[in-house]
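Hi there,

Here is the structure I promised to pass on. Have a look at it first, and then read my notes below.

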Amino acid sequence: MPAPFRIVFEQRAETPKYLSALVPLISVLAALVAGALFLTATGYSATDTYKNMLDDGFLTYRGITETLGLSTVLICTGIAAAFSFQMNLYNIGGEGQLYLGMIGGAWAGLALGPHLPSFVMIPLVLIIGSFAGAVWIFVPAFVRARLGTSEIVTTLLLTYVASSLLKHFINTPDSFFRAKNVAFPQGRNVADSAALSPIGDTRLYPTFFVVVALALFLYWLVKKTEFGYRIQVIADSPRAAHYAGVSANRTTMSVMLLSGALAGLGGATLIVGPFARLDQGITLLGYGYAGIVVAALARNNFAGIIVSGILFAGLRVGGEKLQISTDTPKHIGVMMQGAILLFALGGEAFRRYKIRAVRMKAVAQ
Amino acid sequence: MSNTSHEVASGPYHSGGAAPSALSAHSVSKRFPGVLANDSVDFDIQPGEVHTLLGENGAGKSTLAAMLCGLYQPDSGYIARNGQRVVLSSPRAGLQHGIAMVHQHFRLVDRFTVAENVILGSRNLSFVLDRRSINERVSEVAESYGLPIDPTATVGDLSVGQRQRVEIVKALYQGAEILLLDEPTAVLVPAEVEKLFENVHAMTQAGKSIVFISHKLGEVVEISDRVTVLRGGKVTGHVSGRGATDTKDLARLMVGRDINLGTQRASHPTGHEVLQIRDVSLNVNGVNVLSNISFNVHEGEMVGIAGVAGNGQKELADTIAGLLSPTSGSISIGGATATDRGPIHARELGLAYVPEDRLGMGLVPSMSILDNLLLTRDRHIVVDRASVRPEATRLIEQFEIKANGPDHLARKLSGGNAQKVLLARELSGGRTATKLLVVCSPTRGLDVGAIETVRRLLDDARSAGQAILLISEDLDEIMSLADRILVLYRGSIAHETPGETAQIATVGAAMAGLTTGVNG
Ligand SMILES: Nc1ncnc2c1ncn2[C@@H]1O[C@H](COP(=O)(O)OP(=O)(O)OP(=O)(O)O)[C@@H](O)[C@H]1O
Ligand SMILES: [Mg+2]
């Protein structure tokens with residue numbers, strides 16, 4: 001006699017809309033539970049830790065402005081990743097493009113800054129940073145479009161090159177980017193006209209609103225324009241695209257270049273914002289990689305990325321503060337990010353399958 | 001006619017004896033948003049039996065078959081195998097119960113070879129694949145059922161007919177006892193259908209069961225032991241006993257009226273040349289797919305291209321549509337050259353094209369009907385969906401497309417309804433007024449009522465002066481519609497004849513490569 005019940009996974013013919021929204025939410029909750037178990041097991045108080053994180057990340061004035069400030073760059077790298085992912089192109093080199101955005105932005109700030117007023121300089125830094133990000137992805141985009149070479153490998157490898165380049169610019173004696181007369185190698189501050197001042201006494205810069213507007217614009221672009229339409233056709237059926245005369249090569253190029261530019265923009269916001277100079281500390285922060293997670297949690301929905309970007313920023317800010325205010329290691333914040341990603345990916349199963357227990361019985365003849 | 005009944009059966013029909021059915025569905029229902037695709041359907045199949053599901057496009061046949069093989073799960077009711085209730089939670093679970101389905105829309109991996117596709121999903125594979133022995137085994141299975149196929153060919157390069165064959169071989173290879181064939185003959189030529197039916201007989205002799213879905217009533221009469229008619233998701237009729245009915249009865253049972261699929265030809269003398277093809281050759285990877293093709297199609301004329309799948313029809317159509325560049329030769333549409341100018345240029349010259357492959361080429365599955373209508377049209381920088389919506393609604397009505405409205409996703413349409421969307425778009429004109437209509441297998445997968453409609457629309461287009469190139473493996477269709485028939489064999493025109501005086505035997509022989517003469 002086999003077991004009277006069996007748990008079966010049934011493929012859903014249709015994913016209800018509410019589930020698409022619910023799954024990311026539940027993933028976050030599940031990650032919190034998992035984190036609590038871990039904290040308790042290692043002898044920390046889960047409730048205290050979470051309360052601290054919540055306060056420091058979201059609920060205090062200082063915390064929330066810090067979070068929104070950090071989210072600026074995460075939303076940028078998030079939309080950069082999502083923009084390519086939605087066409088089944090996997091630009092995972094946002095990290096490297098971000099470095100290039102910083103380099104490009106810093107160059108503009110240093111070379112042109114002294115000669116130009118602020119209202120020209122700020123947009124210029126952002127544009128040149130974006131352009132540098134696009135340049136950095138040009139070769140992967142080109143070989144992907146022309147030869148079909150995997151962009152996953154090329155964009156990732158170029159990240160290492162970008163990281164070396166950044167360090168080179170800071171460490172080389174007499175480098176244009178390097179601060180003079182300082183023993184320890186570090187970047188030179190950009191001209192004042194290339195630096196924004198934060199809002200009030202916070203670390204939140206006006207670029208946050210620019211980036212949020214940009215995410216909403218992309219949302220509209222994909223849903224409503226001819227360009228977005230083409231992306232959808234190619235993503236779903238390349239053969240239909242060919243049939244309709246939609247050029248996959250051209251669109252692949254544009255999407256990849258835009259993706260690189262968005263990541264570069266992220267780097268440039270750091271130059272006009274909190275960094276104001278080339279800083280090799282950026283290579284330890286992983287903002288570009290975090291963008292992949294931000295995009296995944298939002299399932300490549302540009303409006304959703306605003307939310308997930310802020311959420312991740314809050315976790316990081318809250319995590320950092322923990323280390324300072326209590327003895328809880330700050331890595332709890334990073335761990336939570338990983339857990340959320342895992343649960344979000346696992347949650348896909350619930351979107352696609354129905355899970356139910358079935359009674360097994362013979363049919364009477 | 002005596003054992004034909006229109007009443008809804010009260011329970012699963014048993015052909016006698018106490019032996020349990022090989023497979024049965026007990027009042028299964030399946031609801032999709034906005035439509036009850038199956039409504040308390042009872043169905044059963046005995047060992048060694050061919051049981052046909054018949055019904056209009058969107059009647060729920062594929063849905064029922066999908067529940068029988070584990071692809072969908074019933075919302076209510078249940079499935080039993082040999083009288084034992086089973087839960088088929090996935091196609092793999094179905095396969096473990098010896099149930100396999102050959103789908104209407106193929107589920108093959110284009111980039112894999114035939115053999116790789118066939119073994120895909122097999123559980124007992126060694127870690128390192130021994131390709132040679134796998135290729136041999138696949139060939140063996142294929143040939144033992146008279147379905148020869150090259151196991152090393154890449155599926156993406158195969159014609160639809162050949163892909164179909166791969167699907168059937170795959171099911172057989174996996175040891176299916178019950179085979180669900182969803183419109184398997186839609187893409188086969190008569191000789192291939194005959195072969196398939198021989199295999200079906202061989203399989204039923206061996207005690208296997210076949211659930212057969214087809215819109216071709218002649219075939220249904222020929223092969224079925226029993227027929228169940230579905231309409232709007234409900235069982236509306238049964239016929240049992242081989243040869244107990246004829247096509248007229250079945251048509252009436254299905255659509256509730258008589259169907260007339262008579263011959264239709266150009267009513268007035270044809271005008272200028274619209275399509276001119278001069279010495280077109282096409283070489284793909286060193287193989288001559290088309291060699292020295294020359295012919296014209298005139299205003300108000302329908303030229304039919306007959307031939308067995310894989311003789312260059314698909315490539316010919318793609319070349320005319322600007323999707324492939326001919327190796328040599330020239331093509332002009334409406335007097336302007338279209339050689340090597342790409343699909344958009346061809347459309348601007350007045351081309352409309354219904355490709356052989358509807359979902360994935362003609363239509364984008366994840367897009368709505370509305371967005372699919374926009375695929376071959378001019379789109380503004382900001383896509384203006386609102387202005388196309390009324391037209392979409394009108395086309396849905398005109399073509400009797402069973403859908404919840406313009407926002408219904410293409411992949412959620414039944415096979416025949418997807419085909420109707422494609423036809424609706426291409427027949428309703430796009431960038432410019434249509435001058436040349438290239439249609440491949442336009443009625444494949446349509447129910448008899450819809451076939452009647454589409455043939456009328458094609459005839460209307462012809463009467464309106466459009467030049468039509470009808471490429472079809474359905475010889476009957478070509479014989480009854482085309483003003484001129486060309487037979488394509490191994491990439492060359494093997495035979496040419498006026499439609500009026502065409503002899504089915506001669507055309508059939510040319511399709512099989514038995515004659516090379518051009519007559520007429
Ligand atoms: N995945 C799905 N989501 C929503 N609706 C669906 C889905 N699959 C089928 N339908 C709807 O269910 C109904 C029955 O579809 P089904 O595919 O079973 O028809 P069918 O009898 O096989 O028709 P055809 O002869 O055209 O292939 C149709 O109205 C169809 O639009
Ligand atoms: Mg069907």
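How far is an oxygen atom of ligand 1 from an N or O atom in the side chain of B:Thr63? The distance is 2.5 Å, which counts as a polar contact (a pair of N or O atoms within 3.5 Å). Before going on, please note that this is a predicted model, where local features need pLDDT of at least 70 and side-chain atom pairs count only at pLDDT 80 or more, while totals for chains, interfaces and linings use all residues. Residues are numbered from 1 along each chain as its sequence is written, chains are lettered from A and ligands numbered from 1 in the order in which they are written, and side-chain values use heavy atoms, leaving out hydrogens and water.

Back to ligand 1. B:His215 has a polar side-chain atom 2.8 Å from an oxygen atom of the ligand, and a polar backbone atom of B:Lys412 lies 3.2 Å from an oxygen atom of ligand 1. The protein buries 95% of the 630 Å² that ligand 1 exposes when taken alone (accessible areas by the Shrake-Rupley method with a 1.4 Å probe).

Around ligand 1 there are 23 residues (each with a heavy atom within 4 Å). Among the nearest are B:Gly58 and B:Ser414. Domain 1 (1-98 + 178-183 + 209-256) and domain 2 (273-518) of chain B each give at least three residues to this shell; the domain bounds come from an automatic or database domain assignment. By class, the shell has six nonpolar, 12 polar and five charged residues. Here Ala, Val, Leu, Ile, Met, Phe, Trp, Tyr, Cys and Pro count as nonpolar, Asp, Glu, Lys and Arg as charged, and the others, Gly among them, as polar.

Enjoy exploring!

Definitions and conventions
A polar contact is a pair of N or O atoms within 3.5 Å; within protein, one must be able to donate a hydrogen and the other to accept it, and residues adjacent in sequence count only if both atoms are side-chain atoms.
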